[in-house]
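Keep the sequence and the structure open beside you as you read.

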Amino acid sequence: MPPVGTPLLWAITLGAVLVLVAVDFALTRRPHEVSMKEALGWSAFYIALPLAFGAWVWGGYGPQRGLEFLTGYLVEKTLSVDNLFVFMVLLAAFAVPAELRQRVLLFGIVGALALRGVFIAVGAQLIASFSWAFLLFGAILLVTALKVLRDALAPSHHAIDVSQLRSVRLVRRFMPVTDDYHGPRLSVVEGGRRALTPMALVVLAILSVDVVFAVDSVPAVYGITDDPYLVFATNAFALLGLRALYFVLEGALGRLVHLGYGLAAILAFIGVKLVLHWAHGLWSWVPEVPTLASLGVIVGILALVVTTSLIATRNESHPRGDAAAATDAESQPARREA
């Protein structure tokens, strides 16, 4: 199939992403606590946008490309929900004030977009140059799936010691850090010298885990589509809506107690799909998994784990706060250590 991403479309898409990021920075310039109405409004916008884009891809490039985009977007959105757990842990561990949380999340999203762009470019070059790249990506996903399953089966409950985070230790070797937040500022002049604020430290911590997120996220989408443009589009749409989604799901994230099992199953499924695709290139009799079947499997897994999670937590009478949610988040995969 012909690629979707022409140079003009790439330029338009990158420009649109930059505009949306600029709008988000403008909205968070003055710190404020996000209301549910605001979060729901932006979440609806960032869900409608990729659905409209998927319809455009479907109409302009055919059902196959349309299914690839929608399936890849669903995978990325699922992984981004999983990422919210570690964001919640870090925000709680750094005691980030409620009015500054959306600013921290925005920095993390921008960093994730930049890193995904690099990984997508590298992945595209590997696929174009080496037939075994699909085998490598499949192996990465299968190993990650085993780690996710291991941690889901044997969760550990302990608080993060901020002082022991590698990114924090490294920064404090070279720069002093203030005791208090100074709004959204990353640094201030204190005692006649420049010092970082805790805001800078939590941003660095989130940026460091963005690297880990990209390692399994990009190969997972390459398991759905071989078009680098669609891989980038699925990542961009999923990440841009992450800030608003955090505040919508903040009270409910702790109830998704079986999400780790679902992610392990999805990553393992896509890993096997990539290995079969690689083998099919060598031996034509090896079957491949159609995109429509992939979508059905992923939707089925998500529906199952959400249902079982809600059943398992149905006796909880009150929504859990940040501290409880952070504890639950610690039981999520070890791949998300800062």
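## A bridge between H3 and H4

Glu 76 and Arg 116 form a salt bridge, with 3.3 Å between the closest N and O atoms. Glu 76 lies in helix H3 and Arg 116 in helix H4 (residues 101-129), so this pair ties together parts that are 40 residues apart in sequence. This is a predicted model, so please read each distance here as a property of the prediction.

Are the two partners buried or exposed? Glu 76 has a relative accessibility of 2%, and because that is under 20%, Glu 76 counts as buried. Arg 116 is buried too, with a relative accessible area of 2%.

## The network around Arg 65

The structure holds five salt bridges. Some of the charged residues are joined up: Arg 65, Glu 68, Asp 226 and Asp 227 are linked in a network of salt bridges.

Asp 227 lies in the loop between helix H7 (198-222) and helix H8 (228-240), while Arg 65 lies in helix H3 (residues 63-93), so the pair ties together parts that are 162 residues apart in sequence. Asp 227 is buried, with a relative accessible area of 3%. For Arg 65 the relative accessible area is 3%, and this residue is buried as well.

## From H9 back to H1

Another salt bridge joins the side chains of Arg 243 and Asp 24, at 2.8 Å from N to O. Which parts of the chain does the pair link? Arg 243 is in helix H9 (residues 242-249) and Asp 24 is in helix H1 (residues 7-27), distant parts of the chain that are 219 residues apart. Both Arg 243 and Asp 24 are buried.

## How H1 packs on H8

Two packed helices are described by the angle between their axes and the distance between the axes. For H1 and H8, the axes come within 12 Å and cross at roughly 10 degrees. An angle under 35 degrees counts as roughly parallel, so H1 is roughly parallel to H8.

On the H1 side, the contact is made by Leu 9, Trp 10, Thr 13, Leu 14, Val 17, Leu 20, Val 21 and Asp 24. H8 contributes Pro 228, Tyr 229, Phe 232, Ala 236 and Leu 240. By type, the residues of this contact divide into eleven nonpolar, one polar and one charged.

## Two buried threonines

Thr 291 is found in helix H11 (residues 291-312). With 8% relative accessibility, Thr 291 counts as buried. Which side chain makes a polar contact with the side chain of Thr 291? That partner is Gln 64, at 2.8 Å. Setting aside neighbours within four places in sequence, Thr 291 is in contact with Gln 64, Leu 67, Glu 68, Thr 71 and Ile 224. Glu 68 also belongs to the salt-bridge network with Arg 65, Asp 226 and Asp 227.

Thr 197 sits in the loop between strand S2 (193-196) and H7. At 0% relative accessibility, Thr 197 counts as buried. If residues up to four places away in sequence are not counted, Thr 197 touches Val 177, Thr 178, Asp 180, His 182, Arg 185, Leu 186, Ser 187 and Val 188.

Key. Residues are numbered from 1 along each chain as its sequence is written. This is a predicted model: local features need pLDDT of at least 70, side-chain atom pairs count only at pLDDT 80 or more; totals for chains, interfaces and linings use all residues. Side-chain values use heavy atoms; hydrogens and water are left out. A salt bridge is a side-chain nitrogen of Lys or Arg within 4 Å of a carboxyl oxygen of Asp or Glu. Helices (H or I, at least four residues) and strands (E, at least two) are DSSP runs, numbered from the N terminus. Buried means under 20% relative accessible area, exposed over 50%, partly exposed in between (1.4 Å probe, protein chains only). Axes are lines fitted to C-alpha atoms, for helices over the stretch in contact, and angles run from 0 to 180 degrees between N-to-C directions. Angles under 35 degrees count as roughly parallel, over 145 as roughly antiparallel, 65 to 115 as roughly perpendicular and the rest as oblique. Contact means heavy atoms within 4.5 Å. Ala, Val, Leu, Ile, Met, Phe, Trp, Tyr, Cys and Pro count as nonpolar, Asp, Glu, Lys and Arg as charged, and the others, Gly among them, as polar. A polar contact is a pair of N or O atoms within 3.5 Å; within protein, one must be able to donate a hydrogen and the other to accept it, and residues adjacent in sequence count only if both atoms are side-chain atoms.
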